[in-house]
Amino acid sequence: MAIVLAAGQGKRMKSKLYKVLHPVCGKPMVGHVLDTVKQVNCERSIVVVGHGAEAVQSYLGEAAEYVLQEQQLGTGHAVKQAKPLIGSEEGSTIVVCGDTPLVTAETLESLTQLHESRKAAATVLTADMNNPKGYGRVIRHEDGGVLRIVEQKDCTPEEDAVREINTGTYCFDNAKLFAALEKVTNKNVQQEFYLTDVIGILVEQGEVVLGYQTNDYAESIGINDRVALSEAEGLMRKRINHKHMLNGVTILDTTSTYIGADVTIGSDTVIHPGTLLKGNTVIGENSQIGPQSDITDSTIGDGVTIKHSVLDHAEVGSRTTVGPFAYLRPGTKLGEEVKIGDFVEVKNAKIDDGSKVSHLSYIGDASIGKNVNVGCGAITVNYDGYNKFMTEIEDDAFIGSNVNLIAPLKVGKGAYVVAGSTITQSVSENDLAIARKRQENKPGYAEKIRSRAKATKANKDKE
Ligand code: UD1
Ligand code: CA
């Protein structure tokens with residue numbers, strides 16, 4: 001069993017967004033914590049919600065059970081709210097704060113293992129900190145055993161000097177936890193019911209209480225303000241980048257690469273500097289991503305090249321090239337070996353295998369077949385100010401440069417649309433469409449124009 005504490009408002013964040021919903025590497029911190037807890041094979045995960053209960057619940061959805069803490073009377077009071085759900089269960093219960101997103105599943109596992117092998121009533125995850133400000137201090141007996149936890153605000157000067165802190169992560173014997181919570185009072189500086197008091201209560205009862213120290217500073221960060229948020233962001237980013245590099249991804253500049261917590265990348269893909277990969281983006285093997293690309297919730301195949309581009313909810317097939325300076329908006333579906341060149345914008349459009357849109361185009365609300373060539377500056381005219389219309393271009397068609405395709409219309413298979421045409425009607429298979437004024441040449445007229453212009457200038461200069 002696991003209990004995640006997420007009812008606090010997070011006053012120190014000075015934010016309208018509830019603290020546990022602040023993202024770290026693109027994912028709300030409580031999402032990180034719950035995912036980690038779930039990796040440790042906890043059959044039941046209970047999230048204590050209060051401030052922003054609806055928002056937290058709608059974000060986490062079915063992934064957890066919820067109990068409401070109507071008034072935030074402290075962490076001990078928060079845990080107590082789970083009593084109706086699990087109070088009578090036997091076994092171990094992990095308690096984690098929703099604001100410690102960097103705690104790892106490995107550590108939760110080791111903590112639980114130590115706890116169970118030593119038949120402890122409580123095991124607390126601790127860390128040595130150079131600057132323990134704001135954290136509860138772990139007070140130990142001369143023989144090294146944990147005695148109690150004292151909140152910073154309740155510390156004597158000697159306790160204040162202690163550097164071993166409570167990370168806010170624990171493993172408890174479930175029955176002993178709920179029994180001890182009954183004895184917790186709010187007689188302290190903050191007048192709160194502290195979960196941390198359970199530790200001292202169990203020690204006094206002669207129970208086995210252990211401390212398990214983590215060496216990973218990141219795991220101990222509880223995010224109470226934006227300074228800690230930024231620190232956690234940096235450490236999480238580093239951790240995510242490391243994971244991908246160990247999986248065979250090359251990251252040329254880790255300091256300018258931002259990869260979201262839920263991004264997947266195949267081996268031998270190279271991430272170039274200045275690249276952001278966000279949301280549920282999936283990238284295949286052997287692709288070259290970046291430099292300077294911003295990719296959200298997109299699916300990218302193998303052997304793809306993307307340079308200086310922005311992708312949002314787009315699909316890119318294998319061996320396709322995108323950019324430099326392309327913008328693929330939601331609903332873009334590119335097949336294999338497609339070319340999307342510079343200054344091309346695509347929205348709600350499917351472009352099938354082998355087709356090319358090489359320069360300066362807008363393709364919106366369209367379906368383009370295989371091996372189609374869309375010339376420089378050609379665009380789909382999809383909007384009349386009120387309605388959106390579809391353009392359909394079939395396989396092997398050729399759209400010349402600077403063509404306007406005024407939707408709705410269809411260009412048939414193998415048809416040819418001549419450069420500079422403004423097309424308003426469908427073009428049948430293998431037909432040629434031309435819609436522009438015929439050219440007229442006036443022999444020698446250039447010299448006439450020039451002498452007229454020169455004369456005008458000479459007159460002006462005299463004045
Ligand atoms: C807590 C610990 C402290 C520890 C630190 C680690 C207590 C009394 N103190 O302090 O020893 O060093 O975490 O980060 O436990 N919450 C509720 N309901 C409440 C109060 C808090 O759900 O009534 C939740 C918050 O949303 C938060 C977590 O519990 O996720 C911790 O609360 P917070 O106020 O941040 O505690 P700290 O002062 O950081
Ligand atoms: Ca905290």
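Let me begin with Asn41, which follows helix H1 and has a positive phi, near 65 degrees. Helices here are DSSP runs of H or I with at least four residues, strands are runs of E with at least two, and both are numbered from the N terminus.

Before I go on, the conventions. This is a predicted model, where local features need pLDDT of at least 70, side-chain atom pairs count only at pLDDT 80 or more, and totals for chains, interfaces and linings use all residues. Residues are numbered from 1 along each chain as its sequence is written, chains are lettered from A and ligands numbered from 1 in the order in which they are written, and side-chain values use heavy atoms, with hydrogens and water left out.

Back to H1, residues 29-39. Eight of its eleven residues are buried, so the helix is largely enclosed by the rest of the structure. Buried means under 20% relative accessible area, exposed over 50%, and partly exposed in between, with a 1.4 Å probe and protein chains only. Among the buried residues of H1 are Met29, His32 and Leu34.

Next, Ser92, in strand E6. Ser92 has a relative accessible area of 18%, so it is classed as buried. Its side chain makes a polar contact with the side chain of Glu116, at 2.5 Å. A polar contact is a pair of N or O atoms within 3.5 Å; within protein, one must be able to donate a hydrogen and the other to accept it, and residues adjacent in sequence count only if both atoms are side-chain atoms.

Now the metal. Which residues coordinate the calcium ion, ligand 2? They are Asp99, through OD, and Asn224, through OD1, at 2.3 to 2.5 Å. Asp99 is in the loop between strand E6 and helix H5, and Asn224 in the loop between strand E11 and helix H9, so the pair ties together parts 125 residues apart in sequence. Donors are N, O and S atoms within 2.8 Å of the metal, or 3.2 Å for Na, K and Ca; water is not among the atoms, so sites may look incomplete. Both Asp99 and Asn224 are buried.

Asn224 also takes us to ligand 1: one of its polar side-chain atoms lies 3.3 Å from an oxygen atom of that ligand. Backbone N or O atoms lie 2.8 Å from a ligand 1 oxygen for Gly74 and 2.9 Å for Gly136.
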